[in-house]
Amino acid sequence: MSAVQAVLRNCGNAAGVGYWRFDSTRGLLHWPTGFGPPARDESYGSWWPLGEFGQNLAPADRSRFFDYFENLFESTAAKSLDLPIINAKGGKIFLRLDGAPIGGDAQMLAAGIVRDVSRRVDAEDRVRTTTALLEALAITVTAGILIFDTQGRFRRANRQTLKQFGVDPNEGDEQAQLTSLANRIPAALLADIAECRKTNSAATGLLPAEFAPDTPVRWRANPFGRGGIVVVFEPAAARPNGSSAQVAPSANGKAGPQPPAPAAPESAATPVAPAASSGGTAMAEPRTSAEAIAIERTRSYLDYVHHPCLIIQTRDASIDYANRDAREKLGLKANGKIHINNLFELSGRPPPRNVYVTEQRVTHMVTLPMGARVTRMTNLDPDLLFVEYL
């Protein structure tokens, strides 16, 4: 093998691309090393009888494989084929073949490239699994859920949301229901959601009384991915005495809670610690049972997000909540007081005064990697930061 061939082979292997040749007259296929069964010639690749090479595929895929090479010479146009090879050195791999005939018809030679697309197939499988999971969540939860895609289009609404805005979930197909829903959503709410997409930050407010005549309904919008928005509709939290929470416009024009009422009896405001599976620490301030359960349920949804998400308390730079992916990838402990060494470098905010943290006063100290998306969670607590690694 020449030096140029060696460089091309090494670069191709690193990029997941190999080169094959096919001699139809002799029925021989030259296959590159590292893209299927162990090669007989480790220097570059091996010549295989086509029928013998096909035994490395599952029986259901062999006919497609043989048809591909049989039909390859019908025209000069390049042809493609996706198939898995089960007898590969590292296990099952997914490949994409692209090839075309070379020269005249008399030669019956063809060549092309083969690409390892296992990562793409695995990503598609994860997307399908995540989509199925989200569908199951949308059907199971009692809250209304409305999802906008990265282009700002209505993508999904569960039955609770359709009913909230007077759309019959039993009439028409999903697209017709979404079209009807789009015509009923208040313009002010759509404007707030558009602002949420633009600033990539959370927003909250109350539905107009015409859509919630009996019980005030709060909406919460949170961005995800690269421009998607999830909106949740839930009854407004009740105060300890059972009356509905009164909501007034906040400084940014969106609805926000009124100043807190006088302290309720201790029995009505029992602090609720996060569940053991959440990996968080106890809430810093007492909350009513209903509020704590709602917050914990909302945070538990983050365990289904496949990238690290944390909620951090800036007063003492401690982790208030970390989802499953954050705990696994950042090595966070399930219990104890976790202090962030570099929170203020990460967020760009100046450190608060009178914060003195030592290893003796906390259980664990960690340093978060840079490159996170950081958002202040003004709808819950201005001292909370939402940190997300995409």
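I checked which way the side chains of β7 point. G144, L146 and F148 face one way, I145 and I147 the other, and all are buried (under 20% relative accessible area; exposed is over 50%, partly exposed in between; 1.4 Å probe, protein chains only). In a regular strand the side chains alternate between the two faces of the sheet. Strand β7 covers residues 144–148; I take strands as DSSP runs of E, at least two residues, and helices as runs of H or I, at least four, numbered from the N terminus.

This is a predicted model: local features need pLDDT of at least 70, side-chain atom pairs need 80 or more, and totals for chains, interfaces and linings use all residues. Residues are numbered from 1 along each chain as its sequence is written, and side-chain values use heavy atoms, without hydrogens or water.

Next I looked up the partners of β7. It pairs antiparallel with β11 (residues 228–235) over 5 bridges; pairing takes at least two DSSP bridges. I145 has V232 as its bridge partner. β7 also pairs antiparallel with β8 (residues 154–157), over 3 bridges. There, I147 stands opposite R156. The hairpin has 5 residues between the strands, and G152 takes a positive phi near 80°.

Then I searched for salt bridges (Lys or Arg side-chain nitrogen within 4 Å of an Asp or Glu carboxyl oxygen). The whole structure has 12. R26 meets D23 at 2.8 Å, N to O. R26 is exposed at 54%; D23 is buried at 10%. I also noted a network linking D82, R96, D98 and R115.
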